Amino acid sequence: MVVSTVVALGVLALRHAGYLETWELAAYDWSLQIAPKEVGLSPSVVVVGISESDIQALNHWPLDDSLLAAALKKLLEFGPRAIGVDIYRDLPVGQGHQELLTTLADNPNIIMVMKFGGAAQASVLPPPTLMGTEQVGFNDVLVDRDGIVRRALLFLDDDAKVAYSFALRLALHYLRKEGISPQPDPVNSQYMRLGTTTFRPLEPMDGGYVALDARGYQFLVDYKHTDDAFRSYPFAAVLSGQIPREAINDKVVLIGVTAESVPDVFHTPLSSRSASDHQNTYGVTIHTHVVDQILRAALTQARPLVTWTDKQEAAWIIVWALAGGLIGMWVRSAWRFSLMAATGVFVLALLVEFLFVRGIWIPFVPPAMVWLTSAALITAYISNEEREQRALLMQLFSRHVSPQVADTIWEQREQFFDGGRPRSQKLIVTVLFTDLEGFTAVSEKMEPKALMDWTNCYIDAMAQEVMRHEGVVDDYYGDAVKANFGVPLARQTEAEIKQDAINAVACALDMENAMNKLCTVWQERHMPRVRLRIGIFTGPAVAGSIGSAQRLKYTTVGDTVNIAARLESYDKALSETTFGNSSCRVLIGESTLHYVADRYQTVPVGLLSLKGKDTKIAVFHVLGHIEMASREMKWEEQIS
């Protein structure tokens with residue numbers, strides 16, 4: 001939680017500083033591009049474009065007032081609800097200026113544009129006869145820092161007057177017939193409502209924006225139609241009367257420039273997908289998108305995009321940071337991390353797009369960043385911790401257990417480690433001690449190197465048998481070996497404890513076989529032969545690590561260990577009796593016999609007294625597997 005929270009706060013700080021704005025707006029564009037579009041052509045809006053071919057046919061630019069007046073008169077014959085002219089006419093152009101002014105004054109459904117300007121931009125006035133009337137709207141376009149138009153305006157003010165946008169004027173003229181006019185929102189009277197839809201003004205920190213210049217009354221353009229979803233006719237077709245009446249009747253008609261030579265083009269989220277010839281969107285087309293959106297909001301309750309509050313977005317980002325941390329704690333392998341990371345980003349993208357289609361813009365980039373960063377950091381931290389634990393594990397066990405046992409210990413490390421060290425625990429173990437009889441006398445007669453080679457040969461053979469029988473070599477004491485069966489993972493059932501005892505006795509008998517082979521080799525090399533004593537006892541013991549951080553040792557302590565050691569050295573005077581012709585003597589306690597009596601043939605030897613305890617321990621000599629021991633006894637009887 002600490003790591004995930006720190007990551008979330010770091011990303012939130014980056015976001016608040018504006019470093020993520022470009023990426024978040026790119027994610028917004030992506031969401032808008034793949035969102036489903038309205039099917040078919042827009043039913044309410046028509047575009048009349050003055051194309052490059054129109055300009056060439058007229059053989060001059062700008063358009064004369066007389067031609068513009070003639071086009072307006074032709075369109076008025078078809079009964080449009082409103083006509084918007086996205087061409088400045090603050091000054092006369094060519095002939096027919098008075099005719100144009102008269103046409104504008106006589107037809108209140110014609111809306112002309114002006115430029116509000118401000119800051120570094122100059123203002124452009126409307127035609128003189130329309131000054132101060134409702135037939136004027138500003139056509140200022142809001143361009144984000146990356147050059148893309150994502151926002152539109154409904155109103156602007158300069159503290160002296162409030163101006164309506166070109167698109168809003170056209171939409172309101174259309175909506176009058178539907179009985180819809182601007183109303184204050186019943187909850188917040190500062191918000192404008194059309195029909196049942198409220199337009200909430202965009203704030204400086206909404207969505208992916210940071211310190212946005214939110215002056216005026218702004219909203220996000222949804223671009224529900226593609227640019228080619230609006231009926232479009234050439235200007236020449238209007239002059240020649242080649243447009244069908246039904247295409248114009250009862251519609252909003254926008255007249256504007258669609259010629260490449262006239263610089264009235266912009267980038268939008270839809271046009272920014274590629275660098276094709278159609279990358280740019282004409283200004284009149286952008287106004288058409290806005291008019292269409294306002295009409296849809298008023299008539300079909302298609303509300304503009306809204307955003308979450310800052311607190312909601314922060315909570316959303318923190319949740320993904322915590323989720324990434326949880327994944328980091330669960331995932332171990334690189335391929336699984338990659339799969340889960342990609343799956344998380346994919347699910348996040350689906351959720352973002354799902355809400356976007358329903359009119360809610362939520363962050364994508366910050367939660368994706370915290371998801372991946374938290375997961376990566378936690379995975380790296382846990383991987384490093386696991387490397388340290390594995391190194392400690394290998395230090396304690398790698399040379400003393402079989403690979404299978406080592407793998408089992410690692411798989412169940414959660415129940416084995418505590419605070420970075422093996423957890424101390426009380427469990428039932430079977431302890432095995434071995435020692436060489438007469439080692440001291442032998443060692444005094446051998447050269448140092450020969451002695452060490454001889455001893456290592458013996459120790460290596462015994463250790464191999466312990467590991468082969470799933471035991472753990474605990475320690476070496478000169479010529480002695482201590483091994484544990486049933487550690488370091490606690491046995492939970494009697495069957496598991498029994499198997500440990502069986503493994504220990506089987507290991508002892510195989511040690512005897514290994515010792516016989518060693519004695520044969522030593523005899524051939526004229527090296528001394530010795531005999532092996534083994535003591536085995538089963539019972540409770542405490543297992544854990546002792547030593548410093550630099551030098552840890554995993555061992556077992558308790559009465560069970562002491563008894564096993566005493567069994568190994570029990571009544572050395574009986575060695576000749578208990579060894580017989582063998583090179584190994586295996587003595588076990590009664591608790592071990594309880595588990596192996598059905599597998600191995602034993603004979604009682606005596607009772608073992610323990611210092612400080614009244615109870616004596618019965619001692620048994622292991623002859624071998626029951627079937628094999630029976631055969632040997634029958635053979636001895638026949639000989640005798």
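Modeller: The largest pocket

The largest pocket is lined by 42 residues, and Lys115, Gln121, Asp140, Val141 and Leu142 lie nearest its centre. This is a predicted model: local features need pLDDT of at least 70, side-chain atom pairs count only at pLDDT 80 or more, and totals for chains, interfaces and linings use all residues. Residues are numbered from 1 along each chain as its sequence is written, and side-chain values use heavy atoms, without hydrogens and water.

A pocket is an open set of points on a 1 Å grid over the protein atoms alone, with protein on both sides within 12 Å along at least five of seven lines; a cavity is a set where a 1.4 Å probe fits but cannot get out; lining residues have an atom within 4 Å of a point. E5 supplies the largest share of its lining, four residues. Helix H2 (21-34), strand E5 (151-157) and helix H9 (283-300) each supply at least two. Helices (H or I, at least four residues) and strands (E, at least two) are DSSP runs, numbered from the N terminus.

The whole structure holds two cavities of 30 Å³ or more. The largest cavity has a volume of about 110 Å³. Of its 15 lining residues, Asp140, Ala152, Leu153, His287 and Val290 are closest to the centre. E5, helix H6 (166-176) and H9 each give two or more residues to that lining. The second largest cavity has a volume of about 40 Å³. H2 gives the most to its lining, four residues.

How values were computed. Grid points are joined across faces, edges and corners, and a volume is the space filled by probe spheres set on the points.
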